[in-house]
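Welcome to this guided tour. Please open the structure in your viewer and keep the selection tool at hand.

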Amino acid sequence: MPLPDVIPFIGLGWSDVLFLLLSGVVLAAAFAVVFGRDIIKSGLFLILTLGALAGIYVMLGAAIVAGAQVLVYIGAISVLILFAIMLTQSKLAPVKLAFQTQVAPAALAAVLLALLFGLAFGSTNWGSTVFTDTPAATGTAPVAAALFGPYLLAFEIASVLILAAVIGGLYLAMEPKADEAGEEGQ
Amino acid sequence: MSQIAGHLEPYLVLSGMLFAIGSFGFLARRNAISMLMSIELMLNAVNLAALAFGAFIPSLAGQGAAFALLIIAVAAAEATVGLAIVIAIFRNRKTPLVDEYDTMRQ
């Protein structure tokens, strides 16, 4: 027996349920990243957020970006962040004082920003297509045509930027030499 | 039939909420690495919005994914340099908390 198109009692399609599930995971894990007391758990919840976002990218028909997200964000950046957490963890980072003194204005600013986004999204006519299901996967041909056509200069600059960032990161994280350590250690 | 996943607005609302959460974390957390993680959240929110526009607006097909790939590349460079700076400061000041980096205020 084939599955029904619309789930009974709820009136939502299967892709709706998948979207709600993934976006719930994204938002809950993002809250855990921001509000968590333990910074290692924050780093692990960041991985969960990025993974669920990769699922939403697949729903949007951009499988190539989802693959890049898993490779670059989950595979590289999250591991880098976890290494930095373990290198900088000390008794001087107290558990209870995770927030600065400006937490109330920060919360106000974030809520105002969310309201502003809601107003802008609700009052704008985007002229967007409405699909009966999730958007169809487009493959990589239009992405390649955009990336190697009008955005070729940005693509090349990004590669130079990554090279510069790698060299700069190596230089910044290098151990200072023994004769300079006394000056820098103050 | 789909009432949510086939429309543009739910993706934009999710992106806006994720950006707001990330901006709160950036403004409110004390730990420098937590602030960097919040920046990653905000960059991902922008990626989601770009991909949603690329998928739902026909004249932008392909450009959303190209933008998202470029943003991912720049985010990787930003994370490299940012974490290297945090580790270099930590080596001198022995703390990752940004409100204790107050040498220039004294």
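**Stop 1: a pair of helices**

Select α2(A) and helix α2 (residues 32-56) of chain B: they pack at an angle of about 5 degrees, with their axes 11 Å apart. Axes here are lines fitted to C-alpha atoms, for helices over the stretch in contact, and angles run from 0 to 180 degrees between N-to-C directions. That angle makes α2(A) roughly parallel to α2(B), because angles under 35 degrees count as roughly parallel, over 145 as roughly antiparallel, 65 to 115 as roughly perpendicular and the rest as oblique. Helices (H or I, at least four residues) and strands (E, at least two) are DSSP runs, numbered from the N terminus.

A word on what is on screen: this is a predicted model, in which local features need pLDDT of at least 70, side-chain atom pairs count only at pLDDT 80 or more, and totals for chains, interfaces and linings use all residues. Residues are numbered from 1 along each chain as its sequence is written, while chains are lettered from A and ligands numbered from 1 in the order in which they are written.

On the α2(A) side, the residues in contact include A:I39, A:L46, A:L53 and A:Y57; on the α2(B) side, look for B:M37, B:E40, B:L48 and B:L51, among others. Two residues are in contact if their C-beta atoms, placed from the backbone, lie within 7 Å. Which classes of residue make up this contact? It has eleven nonpolar, five polar and one charged residues. (Ala, Val, Leu, Ile, Met, Phe, Trp, Tyr, Cys and Pro count as nonpolar, Asp, Glu, Lys and Arg as charged, and the others, Gly among them, as polar.)

**Stop 2: each helix by itself**

Keep α2(B) selected. Of its 25 residues, 21 are buried, so α2(B) is largely enclosed by the rest of the structure. A residue is buried if 20 or more other C-beta atoms lie within 10 Å of its own, exposed if 12 or fewer, and partly exposed in between, with C-beta atoms placed from the backbone. The end C-alpha atoms of α2(B) are 37 Å apart, which agrees with the 36 Å that its residues should span at 1.5 Å a residue.

The expected span is 1.5 Å times one less than the number of residues. After α2(A) comes A:G61, with a positive phi near 85 degrees.

**Stop 3: the whole contact**

Select everything that joins the two chains: 90 residues from chain A and 71 residues from chain B. In chain A, α3(A) gives the largest share of the side touching chain B, 14 residues. That side of chain A divides into 64 nonpolar, 22 polar and four charged residues.

**Stop 4: a loop in chain A**

Where is A:Q89? A:Q89 sits in the loop between α3 and α4 of chain A. A:Q89 is partly exposed, with 15 other C-beta atoms within 10 Å.

**Stop 5: step back**

Colour by chain. Chain A has seven helices and zero strands, and buried residues make up 26% of its 186 residues. Chain B has three helices and zero strands, and 60% of its 106 residues count as buried.
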